[in-house]
Structure formats: C-alpha cells, structure tokens
Amino acid sequence: MRRNQTRSGRWQDDAVCWCAGWLIALLLAGCGRPDGAPDLQEFSFGGPVMGTSYHIKVVLPGDGELPEGLSAGVHERLERVNALMSTYRSDSEVSRFNAAEGPVWMDCSAETVAVVAEALELGRMTDGALDITVGPLVDLWHFGSGGGDADDSVPSPEQIEAVRPVIGLDAIDVRMDPPALFKRASGVRIDLSAIAKGYAVDRAAEYLLERGVGHFMIEVGGEIRVHGLSARGGRWNIAVEQPLPGLRRSQRVLSLSDLAVATSGDYRNYFEVDGRPYSHIIDPGTGRPIEHALASVTVLSSSCMRADGLATAMLVLGPDRGWELALEHDWAVYFLIRDAQGWEQRSSAAFERMLSAED
Ligand code: ADP
Ligand code: MG
C-alpha cells in the first residue's frame, strides 16, 4: 500500500499535486491586530511549481497596491530553479549533467553550482547523511524520476550493492569561477530534491526584497521563509504538523519574522509492504529507507536552502546521532520522536534562542 500524497509530482512539470508541506502557514488575519498597529492588507498568490505548489503572501499598507508584475516575477524566479535543477525535465542543466559521460567537468550556471556546493558542504558536515548522489537508490526504492513507477517491491541487497559505485560525495566536485560541476564517472547523478525547494524560496525572497517588498511569507512545497510583519501587524505564525499520515494537525506554532523554516518528515511519502513502511528518505550508509523513531525534523535558519538540507540530513541521522550533531554545531532544530505514547518533542537551545530572539 502506498501513502504518497507528494510522491508523484515532486519536480514533475505540469503536474499540480497536493502540497508537500510539512508546515502549515496559519491564517490568523483578523485575529486581533495589536493596538496602534498600522492598517495592513494581505495579497496572496501562488501556483504549481517543481512538482509541488507555492504560496506567497505579501503585506502592504492599507492603501498600497501590489507592484506591477510582482507575481509573474516570483513565478519566473521559481521556474528558473526548476528549469535548471529538475530531474523530471530531460533538458534541465542537472539532467544534462546526469546524462553526461564521465569523468567530466561541465560548465553550469552559478545557481546550480551554488546549490551543489552547499549540499556537498552539508553532506560533509553530516557524515554523508545528506548525499545528492543518492538518486540511483531513490529510484531503486521507487521514489525518483527514473523509478517513478507504481511498484512497491523491496529491492534486493544485490541491487543495492550494484549502484554503490556511483554513490558518494567524492563522486562530485564544484568550481565557482567559471562555474562548473565535475563527475568522477559515467552513471554518477545528482538529485537536489532535498535542498532545491529551500533554495527556490531564498531566490523568491531575494526578488521580493529587491522589489522593495519587506513583509511577506513564501512557501514552496512546505519550505517557508518570512520577512517583516503579517497582516495582523505582528510576526508570522507558522505551525509544525503532528507526524500523522493523512491528517493535518498543528503540533506547535512558531512565531517568526525574518527567518526560514523547513521540515522533513517520514509520514507522508512512503509505501508499505507487509505492514512495514518504507520512507522516501534514504540512508546512504545502508542504501535503505530510514528506520528509526525520528518522525520529523524542523530547522530554523536565515537561509531556507540550509534549513531544507539540514532537515533532511538530521532525519537521515536519526534521534541520537542527529541530535548530537545538532548540539555540536548549535543548529536550531526541533525533533518529533515517536514513543509508546505517540511522540516526544525535543528542541535545541539554538531553536528556542532563535524563537525568543524574535520576541
Ligand atoms: P520533501 O521533499 O519530502 O519535503 P526532503 O527535503 O527531505 O523532503 O527531500 C527528500 C527528497 O530528497 C527525496 O524525495 C529524495 O529525492 C531525496 N533524498 C532522499 N534521501 C536523501 C539523502 N540521504 N540525501 C539527499 N537527498 C535525499
Ligand atoms: Mg530537505
């Protein structure tokens, strides 16, 4: 049995899918504007992108008008990320790199190289938990662009071993000037699904700031960045979901401004064989979907790309190694860990500090 509200569409062009979000932007407009707060109005727009959907809220003074071309401009920025990095489009830069014979250096856009460089850095900081060469394994477990079939079979240990030679952070290198990517051998591929939505959010935020918009919320497939004030005249309220398949209930509401928040979870995108769930998050160490009690990880950061990549990495590492590493690096993380009663919540000092700094 497959539970995969998000799986079919991620990165797929022209497919409007149920939003991948692990986070819910709570709409609290009208719920008591603070006394003396300026009169504000909210404009919303969004649409399909990157196999998922995006939602933007822009807050302007009561008499303000949405700057001309703003929503088209945001869409263009998001589409550019998709056009460069989608593995569902054979003409994307990443798909061309993946198809190239190796070893080879290929000239690429500065954008793709920046995302790959960040992913490699996070990969090294997390003992290879975030590994963008994991694509052949993602396909073997039926979650990728190449293996996106309705098959729910469990791959054999031999099949997993057979793809190992093309997996590992040292199979890829980056050069910034001029921007280029290196692959060590033919068959080495990159999959930026764990980090590119966060990057797309950052690009859209950059665009809005350039256009002089200072109060907004951007959400792409559940990864979020907020700036300035919400229409209530206060911080933005973002809810972290309870880790329950098929339900959307708020576990904790985060009150934020000028921050990004990303969540990775194992409870939406998975399939079951004989009652056992197989998640879309792959542990590159075992070549298999993660198997531990950590159900979701939420990360706060000034960079949505970093928050997105770290959330996936922490989810791979699990409740013990992930937690230790987060404390060692003082990362702002919030874990939901399954236990006999349901789940336990655990937040790092950096997470609570960032929230209280917002007060
Ligand atoms: P979601 O896309 O569900 O919001 P993530 O940001 O955690 O969640 O990204 C998950 C996607 O990243 C998977 O669908 C897969 O394509 C890819 N992936 C799976 N495991 C890894 C891993 N260990 N490192 C990097 N990417 C991964
Ligand atoms: Mg991620």
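**Notebook: a predicted model with two ligands**

I began at the hairpin of E3 and E4, which has two residues between the strands, and found that Met50 takes a positive phi near 50° there. The model I am reading is a predicted one. I then looked at the two strands themselves: E3 covers residues 40-49 and E4 covers residues 52-61, and they pair in the antiparallel sense over ten bridges. As one example of a bridge, I noted that Gly46 has His55 as its partner in E4.

**Entry on the magnesium ion**

I looked up which residues coordinate the magnesium ion (ligand 2). The donors are Ala194 (O), Asp308 (O), Asp308 (OD) and Thr312 (OG1), at 2.1 to 2.5 Å. I wrote the spacing of the donor residues in sequence as A-x113-D-x3-T. Ala194 lies in the loop between strand E7 (179-183) and helix H6 (196-210), while Thr312 is in helix H7 (residues 304-329), so the pair ties together parts that are 118 residues apart in sequence.

Ala194, with a relative accessible area of 22%, is partly exposed.

**Entry on ligand 1**

I looked up how many residues surround ligand 1. There are 20, and the closest are Asp191, Ser264, His280, Ile282 and Thr312. By class, I recorded ten nonpolar, four polar and six charged residues in the shell around ligand 1. H7 gives the largest share of this shell, three residues.

A side-chain N or O atom of Asp191 is 2.8 Å from an oxygen atom of ligand 1. For Asp308, a side-chain N or O atom is 3.1 Å from an oxygen atom of ligand 1. With Asp131 the contact is made by a backbone N or O atom, 3.0 Å from a nitrogen atom of ligand 1. On its own, ligand 1 has 570 Å² of accessible area, and the protein covers 98% of that.

**Entry on the loops**

I looked up Ser86, which lies in the loop between helix H1 (70-85) and helix H2 (93-99). Ser86 counts as buried, at 0% relative accessibility. Its side chain reaches the backbone nitrogen of Tyr88 at 2.9 Å.

I also noted two cis peptide bonds. One runs from Gly102 to Pro103, with omega near 0°, and Pro103 sits in the loop between H2 and strand E5 (104-107). Another joins Asp177 and Pro178, where omega is about -5°; Pro178 is in the loop between strand E6 (172-176) and E7.

Where does Asp127, with its positive phi near 55°, lie? I found Asp127 in the loop between helix H3 (110-125) and helix H4 (135-140), and it is exposed, with a relative accessible area of 57%. His142 also has a positive phi, near 70°, and is found in the loop between H4 and helix H5 (157-163). His142 counts as buried, at 6% relative accessibility.

**Entry on Arg346**

I finished with Arg346, which is found in strand E19 (residues 342-347). Arg346 is partly exposed, with a relative accessible area of 23%. From C-alpha to C-alpha, Arg346 and Trp323 are 9.1 Å apart in space, and they are 23 residues apart in sequence.

Note on methods. Residues are numbered from 1 along each chain as its sequence is written. Chains are lettered from A and ligands numbered from 1 in the order in which they are written. This is a predicted model: local features need pLDDT of at least 70, side-chain atom pairs count only at pLDDT 80 or more; totals for chains, interfaces and linings use all residues. Side-chain values use heavy atoms; hydrogens and water are left out. Donors are N, O and S atoms within 2.8 Å of the metal (3.2 Å for Na, K and Ca); water is not among the atoms, so sites may look incomplete. Helices (H or I, at least four residues) and strands (E, at least two) are DSSP runs, numbered from the N terminus. Buried means under 20% relative accessible area, exposed over 50%, partly exposed in between (1.4 Å probe, protein chains only). A residue is near a molecule or strand if one of its heavy atoms lies within 4 Å of it. A polar contact is a pair of N or O atoms within 3.5 Å; within protein, one must be able to donate a hydrogen and the other to accept it, and residues adjacent in sequence count only if both atoms are side-chain atoms. Accessible areas come from the Shrake-Rupley method with a 1.4 Å probe; for residues, only the protein chains shown count as cover. Ala, Val, Leu, Ile, Met, Phe, Trp, Tyr, Cys and Pro count as nonpolar, Asp, Glu, Lys and Arg as charged, and the others, Gly among them, as polar. Two strands pair if DSSP finds at least two bridges between them.
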